[in-house]
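Biologist: Could you put the model up and take me through it? I'd like to ask things as we go along.

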Amino acid sequence: MSQPFAPPETALFNTLWESQGGQCALCGRPMPRHRFEVAHATLWKKQRPSFDHILAKARGGSDRPENLQLAHAACNWRKGRG
Ligand SMILES: [Zn+2]
């Protein structure tokens, strides 16, 4: 079984997590780091940390680390899918 809602536990994820102090770059509230920190899978799906493009790819933003930040998945969707 794969884990579609697991956060990407990469070096970049860890670096961004540390520099943001575990807080969403869009709303400023804390993000759960692991599925077991939230009660329901539906909550996790909305609150899990996701990579957000600071400058949207649609506007020419890159996938480079300096254009990425962590945000709640729901905040990311509201903004317009990175
Ligand atoms: Zn947020």
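Modeller: This is a predicted model, and I would begin with Arg 64, which is placed in the loop between strand 1 and strand 2.

Biologist: What does the side chain of Arg 64 join up with in a polar contact?

Modeller: The side chain of Arg 64 is joined to that of Glu 66 by a polar contact of 2.9 Å. The C-alpha atom of Arg 64 is also separated by 9.2 Å from the C-alpha atom of His 53, and those two residues are eleven apart along the chain.

Biologist: And where does His 53 lie?

Modeller: His 53 lies in strand 1, and its side chain makes a polar contact of 2.6 Å with the side chain of Asp 63.

Biologist: Is His 53 buried or exposed?

Modeller: His 53 is buried, because its relative accessible area is 12% and the cut-off for buried is under 20%.

Biologist: Let's change topic to the metal. Which residues coordinate the zinc ion?

Modeller: The zinc ion is coordinated by the SG atoms of Cys 24, Cys 27 and Cys 75 together with ND1 of His 72, at 2.0 to 2.4 Å. Along the chain, these donors follow the spacing C-x2-C-x44-H-x2-C.

Biologist: Why is the arrangement called tetrahedral?

Modeller: The four donor atoms subtend angles of 99 to 118 degrees around the zinc ion, and therefore the arrangement is tetrahedral.

Biologist: Which helix holds Cys 75, and what is Cys 75 in contact with?

Modeller: Cys 75 lies in helix 3, which covers residues 73-79. Once its neighbours within four places in sequence are left aside, Cys 75 is in contact with Cys 24, Leu 26 and Cys 27. Ala 25 is 50 residues away from Cys 75 in sequence, and their C-alpha atoms are 9.1 Å apart in space.

Biologist: Now helix 1. Which of its residues are buried?

Modeller: In helix 1, residues 11-20, the buried ones are Phe 13, Leu 16, Trp 17 and Gln 20. Viewed down the axis of helix 1, these buried residues fall within an arc of 105 degrees, so they line one face of the helix. As background, an α-helix has 3.6 residues a turn, so residues three or four places apart point the same way.

Biologist: What is exposed on the other side of helix 1, and what covers the buried residues?

Modeller: On the other side of helix 1, the exposed residues are Ala 11, Thr 15, Glu 18 and Ser 19. The cover over the buried residues includes strand 1 (49-53) and strand 2 (68-72).

Biologist: What comes after helix 1?

Modeller: Helix 1 is followed by Gly 21, which has a positive phi, near 65 degrees. Arg 33 has its place in the loop between helix 1 and helix 2 (41-47), and the side chains of Arg 33 and Asn 14 are joined by a polar contact of 2.3 Å. Arg 33 counts as buried because its relative accessible area is 17%.

Biologist: Which residues make up the largest nonpolar core?

Modeller: The largest nonpolar core has nine residues in all: Phe 13, Leu 16, Trp 17, Cys 24, Met 31, Leu 68, Leu 70, Ala 71 and Cys 75. Helix 1 and strand 2 each supply at least two residues of this core.

Biologist: Last one, the overall picture. How many helices and strands are there?

Modeller: The protein has three helices and two strands, and along the sequence they follow the pattern α-α-β-β-α. Of its 82 residues, 37% count as buried. Among contacts with a separation of 6 or more, 55% are between residues 24 or more positions apart.

Definitions and conventions
Residues numbered from 1 in each chain as written. Predicted model: local features only at pLDDT ≥ 70, side-chain atom pairs only at ≥ 80, totals over all residues. Heavy atoms only, no water. Donors = N, O, S within 2.8 Å, 3.2 Å for Na, K, Ca; no water. Tetrahedral: all angles 85-135°; square planar, octahedral: opposite > 155°, others 65-115°. Buried < 20%, exposed > 50% of the residue type's maximum accessible area, 1.4 Å probe, protein only. Helix = DSSP H or I, 4+ residues; strand = E, 2+ residues; numbered from the N terminus. Arc of directions from axis to C-beta. Contact = heavy atoms within 4.5 Å. Polar contact = N/O pair within 3.5 Å; in protein donor to acceptor, adjacent residues only side chain to side chain. Core = buried A, V, L, I, M, F, W, Y, C linked by side-chain atoms within 4.5 Å.
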